[in-house]
Amino acid sequence: MWVERVQYAVGQGGFHGAGVYTGPLRDAYTQPNFTYVYDCGSDQHEQLDHAIERFVARFGDIDALFVSHLDRDHVNGIDSLLSIADVNTVYLPYIDDFHLVLELLEAAGGGGLSGSLIEASLDPAGWFGRRGVKRIVRLRPGSPEADGIPIEPSPDADMDRPKIMPKILPDPGENEIVDERREGFRAKSYEIVSGSSIVLQTPSGLLDWILIP
């Protein structure tokens, strides 16, 4: 397994993407088995648009989109990204109501507050769902003694797995799911604790790669 990571030069902001591949490093134009993006925003809109186009042309659709925080220069390109690429899962940071209001007020003060940003902040399941996202995973605080400590996985042999598949540890489980799917297109919403890991395994069932957001 090998990973190709790109930090795109978008000026003030952040846009990082990667593809995870199975097998040895070989054809540079092989399509990845798993792709992710970490933040998508910039104050330099033209540079960001070009970077988004290059990323999609190289990596294709996106398995996981991570949003680190809601500053406009880290999120104002997400709508453009979703307009040209399918995204399976969006991972959202933990933020309480008080700090959410502060984030929106800061965006308003900087001229970056839009109806789209407000809706994405207050109703992420609806906003992302209408743009084709299948599910959102929201972080919630862990216990004080475990805060920030990654949850260590152990290899498991699942020989029926047909291809590389992501697995969240600990598994959100049915009792952790907050089902917000109602009328209209809404993403299904899950919650995970701080310190959760995303494990990628090949069909052999061997533990190959761990992503700890």
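Arginine 58 counts as buried because its relative accessibility is 18%, buried being defined as under 20% relative accessible area, exposed as over 50% and partly exposed as in between (1.4 Å probe, protein chains only). The structure is a predicted model, in which local features need pLDDT of at least 70, side-chain atom pairs count only at pLDDT 80 or more, and totals for chains, interfaces and linings use all residues. Residues are numbered from 1 along each chain as its sequence is written, and side-chain values use heavy atoms, with hydrogens and water left out.

Arginine 58 belongs to helix α1; helices (H or I, at least four residues) and strands (E, at least two) are DSSP runs, numbered from the N terminus. Its side chain makes a polar contact of 2.8 Å with the side chain of glutamate 4. A further polar contact, of 3.0 Å, links the side chains of arginine 58 and tyrosine 21. A polar contact is a pair of N or O atoms within 3.5 Å; within protein, one must be able to donate a hydrogen and the other to accept it, and residues adjacent in sequence count only if both atoms are side-chain atoms. Arginine 58 also lies over the face of phenylalanine 59, at 5.3 Å from the ring centre. For such an arrangement, NZ of Lys or CZ of Arg must be within 6 Å of the ring centre and within 35 degrees of the ring normal. Another case is arginine 135, whose charged end sits over the ring of tyrosine 190 at 5.4 Å from its centre.

Nine aromatic pairs are present in the structure. Rings of Phe, Tyr and Trp (its six-membered ring) pair if their centres lie within 6.5 Å; planes under 30 degrees apart count as stacked, over 60 as edge-to-face and the rest as tilted. The pair of tryptophan 2 and tyrosine 21 is stacked, because the ring centres are 4.0 Å apart and the planes stand at 10°. Since tryptophan 2 lies in strand β1 (residues 2-7) and tyrosine 21 in strand β2 (residues 13-21), this pair ties together parts that are 19 residues apart in sequence. Tryptophan 2 is buried, with a relative accessible area of 15%, and tyrosine 21 is buried at 1% relative accessibility.

The pair of tyrosine 8 and phenylalanine 55 is edge-to-face, because the ring centres are 6.3 Å apart and the planes stand at 80°. This pair links distant parts of the chain, 47 residues apart: tyrosine 8 is in the loop between β1 and β2, and phenylalanine 55 is in helix α1 (residues 45-59). Both tyrosine 8 and phenylalanine 55 are buried. One aromatic cluster is formed by Tyr8, Phe15, Phe55 and Phe59.

In soluble globular proteins, nonpolar side chains tend to be buried together. A nonpolar core is a set of buried Ala, Val, Leu, Ile, Met, Phe, Trp, Tyr and Cys residues joined through side-chain atoms within 4.5 Å. The largest such core has 32 residues, and those with the most contacts inside it are Phe15, Phe55, Ile78, Leu81, Val90, Phe128 and Ile136. Two or more residues are given to this core by each of β2, β3 (34-42), α1, β4 (62-66), α3 (78-84), β5 (87-92) and α6 (124-129). Helix α1 gives the most, with six residues. A second, separate core has 14 residues, among them Ala18, Ile168, Tyr190 and Ile192.

Contact means heavy atoms within 4.5 Å. Not counting residues up to four places away in sequence, isoleucine 136 touches Val90, Leu92, Pro124, Ala125, Phe128, Ala187, Lys188, Ser189 and Tyr190.

Leucine 211 lies in strand β10 (residues 207-211) and is buried, with a relative accessible area of 13%. With neighbours within four places in sequence left aside, leucine 211 is in contact with Tyr36, Phe66, Ser197 and Ile198. Histidine 69, in the loop between β4 and α2 (72-75), counts as partly exposed at 24% relative accessibility. Residues up to four places away in sequence again not counted, histidine 69 touches Asp39, His74, Val75 and Pro93.

The chain as a whole has seven helices and ten strands. Of its 213 residues, 41% are buried. Among contacts between residues at least 6 apart in sequence, 70% join residues at least 24 apart.
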